[in-house]
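Me: Before we discuss this model, please show it to me, and then let me ask what stands behind the terms that you apply to it.

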Amino acid sequence: MTMSTQPLTPEIVSQEGNAMVLSMGPQHPSTHGVLQIMLEIEGETVVKAEPEIGYLHTGIEKTAENLFWSQAQTVIERMDYLAPESNSLCYALAVERLLGITDGIPERARVIRVLFMELTRIASHCVWLGTHGIDLGAISVFFYCFDLRENILDLQEAAGGARMHPNYVRVGGLNGDLPNGFLAKLDAFIEKFPGRMRDLRGLLQANPIFQDRTIGVGILSPEAALEWNVTGPSLRGSGIGYDVRKAFPYTGYDSYDFDVPVRSEGDAYARFLVRLDEMEQSHRIVEQARRRLDTPGPVLIDDPKVTAPPKETIALSMEALIHHFKIVSEGFRVPPGDVYQSVESPRGELGYYVVSTGGNRPYRIRTRPPSMYNLQSVKGLAPGNLIADLVVILGSLDPVFGEVDR
Amino acid sequence: MQSSTIKKNLYNVGAILKGLSITFGYMFRKRPTIQYPSVKKQHAPRFHGLHELRRYGDGQERCIGCELCSSACPANAITVIGAENAPGDRVSPGERHAARYEIDELRCIFCGMCEEACPTDAIVLTPRFEMADYRRGSFIYDKDRLLVPIDAGVGAAPDERPGGIPGDLGRVADIKSTTDVAEGYSATWRGEILKTQRRGLASQ
Amino acid sequence: MNVNLTIDGVPVSVPKGTWLVEAAKTVQQEIPVYCYHTKLGPAGLCRVCLVDIEGMPKLQIACNTPAAEGMVVRTRGARVEAGRAMILELLLVNHPLDCPICDKGGECDLQDYAMAYARGNSDVVDPKTRKPKAVDLGPTIVLDEERCVVCQRCVRFDDIIADERQLVVKDRGAHDIIATATGSPYRHNFTGNVTELCPVGALTSKTYRFKSRPWDLNRTQTTCTQCAVGCQQFADVRYGTLLRTMSVENDDAISDGWLCDRGRYNIGFYASPDRLTQPLYRKGGSFVQIGWDDAFALWGKAITDAIAAKGTPSVGAIGGGRLTNEEAYVLQYLFRKIGVANLDWRSGRQRQATPGANGGALTDIELAQAIVIAGESIEERAPVLWLRVRKAALRGGATVVHAATPAEAVAALPAGATRVALVWDGIDLARGRAFADAFAGVAELSTYVASEQGNARGAEAMGMLPWSGPGYAAARARGRDAAGMFEDARNGSLAVLSMFGVNPVRNAADGAAVAQALVKVPFVVVSELFLTETADRATLVLPAKGAFEKTGTTLNLAGDLLPVNAAVQAPDGVLSDLEMLLGLAAQLDVDLPRAEELDATVIEHMAHAPEDFGFGDSRFASDVASVPEDVPPATILSGGGTWRHDPTLATLQVETPSSQPVGATA
């Protein structure tokens, strides 16, 4: 991996002619995080672009190796901080498969997981849409998006206790059932969403400035997209309808009725439209999940060797107290083995390759962060475009750097 | 000027006017902005904010110094050192109490696992989130700052038998987790919450 | 004779009479046990070790079923696990909900097996039996009677290992409790072992009460240096404080898995506020604190001046028994390099620490038919060695002979004894020689010297003797021994005396005379942890590191080279004796051997005990005939005087024989 210690690679510096080397970032506002792109430019035109990653390296994968399986969830959730549930769900699914308890997860927990998966997708796309708009000079979109996102964060806070990292999805189910009053709040959101979506579309979709800036910019051919391992909306904007939810359904996604939006143009505008459509499809799934939530039921697997028993029982039963004590102080043990589990995160295929040696801590957690692979394609997309268009291309790929650098 | 260009320009003007009409429309809607700090957001009851150590209704500390919170903490933010209760000068019910209890709020990631680990519902995350200070050292909260006022205890202490475990276990957490979301918690003063909860417990 | 059986489908061949629980270990199958213990044998009380044996209608206990020819055993499976779950549910019926306040939490067999075998809840809803909690069992142990699962490991330890028979099971049925037979405090030299044997949190140490959790502790394996046995032990440290020491269970060769209470509980002094942390220099009758640079300069100048004025015989050094091998080697190397021959480790009453020919390994004692103890009882001098003597007597049928004279000892020997172990205290050379001569004809004689200081044998091997250098090679110039140096001091001919970890004023045969002699030495240097009687009479006192704070090796009484590993950080300003000697060497312009050379040298010189001398060799004889007769035996001879400074033990001695629970009056 190229580290940023040598940002000026010799092949760039040795270019002849009018070429000039420009460092874009890592503090550039349009890089949506701490990304540095070494640009070789001729006038305003990008000849070569070299993304330099690693400015936000947090060592989460390594940290997780020193935590219990249950504790690792808290740091893994922080990788893609705009869509925390996608991280924690993917990790929980992987560990559940290693434990062999996938089939035992209660139905209600699976529904709530889907609900939050899709809510977090809408929230994440809200941030993308708002910042993408700001990059192109559309300020109002940002406010309307963040207002909508705030409603979702409120729901996360109500269920999990924190706006951004609720630590709600757990191995074996969820950390507690939905609180009283949650469904009313959710209904209000479901009702509010279509109107807000109409407004957002009205502001940008037909806007000539927006269209001029995005149509025909950063065209990613289907072949190139596959070569760069691009996934998610960016891939579907290039005409390939690959979606993990449909291809490898998890958590009962096969029982929901939704479409996978695909566009064939492959430019920034196509990716924009795919994401907008996706938000509406997520809304459809949220509505379906909401209907299933009227049935009460358990939200955590009843397996005392994996999940701590309910707290009120530890004052009554010695067995429960011992299991509580041991699971809190030593964590649960996971049988030896390895597993790859992926989910469709708002950015694409998010995967965890989890290795267990039979202990109470993960031996290795390897992340397949969609942002990282999507970001690589900048190298192929940027040449020939103006510097100003690079901002559009970056925005349309929607990278999150907590995930890229992890 | 060609007619197609004129058509396109007209269309563009139309699209821009449509967009402007949307923003104009929002001027007459209810603003979602909260005038912080003069108005404070009502947080959900489950909100993970600043910790506090609770007491029983009789003023004894709930914490028994078992260190489960510190072992559950993924960020190693909690330090507990236990000690034996002197007969006659009991800090907590049972034989053991926390001689030292410190949380480094700068390390804390507010995941709430300490709260889940606590076998006596002693450590609880409150909705208080305003912790700004000038020195890093002042983020290490010790027992003096974590313990609630002596009159803000909740629940009846377990019987005098050493090693008893509180009978109201889970109910304190219950109140926290099943309170109506719409009611919310005020982040202003932690004692207020406790007194609300004490009333809640008494009525059960 | 071996029998063949099948355990979990794997064919196994084990000696006849092997318990199934042991046989299962050969195929890496761990069977849960509470009452069974490898060193205590089976009792058949807890019933948790159930296994399925083909042809037997019911589950059998693995701990008390001997392996038999053709047996087919299953240690796993639904039937076995259901049986164990039931036993565990019954064991937990009356167990109090104490995990959060129990010291054993996290290292508790009951928790571990409950996690492995028990169900997550119980069908029993009846109230639990209540018994007294926090019962003061003795000076070291707290008993929680509710937590006890009556496995009787502690009772059996007291009976067949320690041979004390103090603990018994009182009352019957669900009300049975552990207590001392007479109701008096539980007190002997090995009480701490029951806290480790206890599979639950019933018996816990007072010194460790509520101090920590096992997952907070940093564990270092090191060697106990408080006597010459050299037991391996784990030092558990939290936040830089040594909280407890634990035995090493598989340390069969040295400690046999046990620790004495001195080794286990005499650790509080490391954190004592009385410890010296800065060099002290006597100025005008009282001590002033000085820096290390000044201390080294004063020390070096005193030695250089003394040699210049009165020659090398006016300088002497005493120490080694409490140092590591490396330190003892460097000590004699440095002083011999500048021509000083007055070197000795023997500051107390002991004259000899190396058994010479016939020196045996510790495990040889178990094979002996008779064990002869010459001189002081080893129960205080080397407690864990005494456990092995008891083991030989109780299990091997050996005769233990305490005799004042060799003739009596020989008379007490069983007829035709060919394997004899001879343990001597090393004090009276003539007596040692007489005993050795009396048993010289025995076919297999193994001899031991129970030293009063931990590394006494190491000090001799490293050359801290006036007549020999490293590896017992004869020294080029024979110096004066410790008694001789004190005589020189009395005569006024000794100018500088450096002492390392010794306290002759307290431990020497005639301490008062030593105290008077020290006054006449112009410059006395003492390296110590505390201001002992000897240090109090010094010109320069150097604060030293203890054994848990430094790294090196020691040589135990059987000649095993054992590692000493630093487990605790020493207080600021405290140096190890090796570091002090480095500082002095710089002042004296002496180049010391490098670390690798030092390690190689230590291994080279410890390797073989010399064959050319035995007990009471004349070379060990004092060149001053001043050892008085009829010295009252000191009870504890830990050397250096750290024993009396232990603040923890001071509190342990408080007698509270009542068995009232602590919380009863609250």
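Reply: In chain B, buried residues make up 44% of the 204 residues, where a residue is buried if 20 or more other C-beta atoms, placed from the backbone, lie within 10 Å of its own, exposed if 12 or fewer, and partly exposed in between. This is a predicted model, in which local features need pLDDT of at least 70 and side-chain atom pairs count only at pLDDT 80 or more, while totals for chains, interfaces and linings use all residues. Residues are numbered from 1 along each chain as its sequence is written, and chains are lettered from A and ligands numbered from 1 in the order in which they are written.

Me: What share of chain A counts as buried?

Reply: By that criterion, 57% of the 406 residues of chain A count as buried.

Me: Why is chain A called as compact as a globular protein of its length?

Reply: The radius of gyration is taken over C-alpha atoms, and the globule rule is 2.2 Å times the number of residues to the power 0.38. For 406 residues the rule gives 22 Å, and the radius of gyration of chain A is 22 Å, close to that value, so chain A is as compact as a globular protein of that length.

Me: How many helices and strands does each chain have?

Reply: Helices (H or I, at least four residues) and strands (E, at least two) are DSSP runs, numbered from the N terminus. On that basis chain A has 17 helices and eight strands, and chain B has six helices and five strands.

Me: What makes chains A and B count as touching, and which element of chain A supplies the largest share of its side?

Reply: Two residues are in contact if their C-beta atoms, placed from the backbone, lie within 7 Å, and 34 residues of chain A are in contact with 36 residues of chain B. The largest share of the side of chain A that touches chain B comes from α6(A), with six residues.
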